[in-house]
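Please keep the sequence and the structure open while reading.

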Amino acid sequence: MAAQTLHIAEHDIDVSRLDKELFPDDHVSKGDMIDHYRSVAEVMVPHLAGRPLVMRRYPDGVGSEGFFQQNASDYFPDWIRVERVPQRGGSGTVDHVVCEDAAALVYLANQATIEFHIWLSTMENLDCPDRLVIDIDPPDGVTVDTLRAVARRVRDRYDRIGLTPFVQATGGRGFHVVAPLDGSSDFDFVRGLATDLADRLAEDEPDLLTTAQRKARRGGRIFLDVNRNAYGQTIIAPYSLRARPGAAVATPLDWSELGNATPNGHGIESIARRLAQKSDPWADLDAHAAAPSAARERFDAY
């Protein structure tokens, strides 16, 4: 099927090259990808809405060189929300897409956007994040049981200082442990808290965990990455595909599922079955938002 027109949220979207295999090793076509984003839109769009978006596009599939795109293209339709966002340090602006509905999500998928990356703050308060994240980034050879154990250790530290932990299988190599925040502190404060949390975890298990920025200094240990807790940085959006062989999907999990989960365990077909049987585990994430200042006080007290 070469092309067709989809009517979504009062918009007609012309989609094309539907037979093009964007994941040739997995025989996942552009049409399959568009169907995925159309099917997950109800649960995915709330995680995108209000946030500057960074797109990772692969017009010729994952076997070719893709590119990250921050600025919205001039030819994007005017019904897609675009917001001018200051760069850090006053060095200019970026016209970011803010994906607000299923039509925008499908339109961007038709532009061969495989990965959707979102800011940790919203347009309402760009300088103050409403998410804190520690990215568990393993080297080669680490078992999934070890990754699960580390995710639980991060979870327990969040709990100890009054943050509510949520976990996501990234669709890549590791897990994200995310805590919702109330947006009352700026990025520097939140990054400092995340850094100290990660450092404390690494100090407790120095043979297993590290916060060393340089790979040469990690010595085969799991990297607790807090670099995403900064203005303009992003995390992979829930239910986004990953642009790598296997066509895995970033998947929010309940903690009770972690014992059977792998970082890249869900793809297009399994995520559709999952959502037919189970609601989004992150649907009420914002209801658990905490004040970073209170978490800092608790951290300093123990």
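Which residue of β14 does D137 stand opposite? The residue opposite D137 is F223.

## Model and annotated region

The model is predicted. An unreviewed UniProt entry places the feature "domain: DNA ligase D polymerase" at residues 30-282.

## Helix α1

Helix α1 covers residues 30-48. A straight helix of 19 residues would span 27 Å, at 1.5 Å a residue, but α1 spans only 21 Å between its end C-alpha atoms. A kink of about 80 degrees, centred on A41, is found in α1. A41 is also one of the buried residues of α1.

Other buried residues of α1 include K30, G31, M33, I34, H36 and Y37. Further along, V40, M44, V45, H47 and L48 are buried as well. An α-helix has 3.6 residues a turn, so residues three or four places apart point the same way. After α1 comes G50, which has a positive phi, near 85 degrees.

Strand β10 comprises residues 131-137. Six of its seven residues are buried, so β10 is largely enclosed by the rest of the structure.

β10 runs antiparallel to strand β12 (residues 175-180), and six bridges join the two. Within this pairing, D135 has H176 of β12 as its bridge partner. Three bridges join β10 to strand β14 (residues 222-225), again in an antiparallel arrangement.

Definitions and conventions
Residues are numbered from 1 along each chain as its sequence is written. This is a predicted model: local features need pLDDT of at least 70, side-chain atom pairs count only at pLDDT 80 or more; totals for chains, interfaces and linings use all residues. Side-chain values use heavy atoms; hydrogens and water are left out. UniProt positions are given in the numbering used here, feature names are shortened, and annotations may be inferred rather than shown by experiment. Helices (H or I, at least four residues) and strands (E, at least two) are DSSP runs, numbered from the N terminus. The expected span of a helix is 1.5 Å times one less than its number of residues. The bend at a residue is the angle between axes fitted to the seven residues ending there and the seven starting there. Buried means under 20% relative accessible area, exposed over 50%, partly exposed in between (1.4 Å probe, protein chains only). Two strands pair if DSSP finds at least two bridges between them.
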